[in-house]
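Hi everyone, thanks for coming. Could you bring the structure up on the screen so that we can walk through it together?

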Amino acid sequence: MQPSKDLSNMKLVFFGTSEYCIPILESIHKNFELKLVVTRPDKPVGRKGILTPSATKLWAEKNNIPVATPATLKKDAEDRISLINHIGHINPDLAVVSDYGLIIPEKIFNLPKFGTINVHFSKLPDLRGPSPVQFTLLRGDDEIWA
């Protein structure tokens, strides 16, 4: 029997935004070397339109993890080029995506050594979109990934 390899020195990049991502971030941070959190830019909230950071940005800042907040990842956009350079400099082993909100271009998706995995809150492609959990409940499913 071969001894198991220690994966704690694997460098990871995380793409995500909502509070639902926090348990995933906690687990990654506990078990791997989390090098960057990519999340949506701060957005206006409430009547006064107070700029509010995402839950993952707040978590990353609290845990001293660098944060990138590209507004767009469209071709030739400065944010996209900057993110490609940033991730390339990190040279991550893996990226994890969960509830991010932007379509990640193939060039970014393929930057990590072992690629990118997506943690989704519902059965794909059946319940893709912005509200998979709500639609699961609304249509009366009693199993999510069956």
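Before we start, a contact, or a touch, means heavy atoms within 4.5 Å. Now, this is a predicted model, so local features need pLDDT of at least 70, side-chain atom pairs count only at pLDDT 80 or more, and totals for chains, interfaces and linings use all residues. Residues are numbered from 1 along each chain as its sequence is written, and side-chain values use heavy atoms, with hydrogens and water left out.

Okay, strands and helices. Both are DSSP runs numbered from the N terminus: helices are H or I with at least four residues, strands are E with at least two. Two strands pair if DSSP finds at least two bridges between them.

Look at β1, residues 11-16, and β2, residues 33-38: they pair in the parallel sense over five bridges. β2, for its part, pairs in the parallel sense with β5, residues 67-68, over two bridges.

So how enclosed is β1? Buried means under 20% relative accessible area, exposed means over 50%, and partly exposed is in between, with a 1.4 Å probe and protein chains only. Five of the six residues of β1 are buried, so the strand is largely enclosed by the rest of the structure.

Next, helix α1, residues 22-31. Together with β1 and β2, α1 makes a right-handed β-α-β unit; right-handed means that, with the strands pointing away from you, the path from the first strand over the helix to the second runs clockwise. Which residues of α1 are buried? They are I22, I24, L25 and I28. Down the axis of α1 they fall within an arc of 155°, so they line one face of the helix; that arc is taken over the directions from the helix axis to the C-beta atoms. They pack against β1, β2, α2 (55-62) and β6 (94-98). The face turned away from them carries the exposed residues P23 and K30.

In the loop between β1 and α1 you'll find S18. S18 is buried, at a relative accessible area of 16%. Leaving aside neighbours within four places in sequence, S18 is in contact with A55, T56 and D99.

Last one: R80, in helix α3, residues 78-90. Not counting residues up to four places away in sequence, R80 touches T72, L73, K74, K75, P105, K107 and I108.
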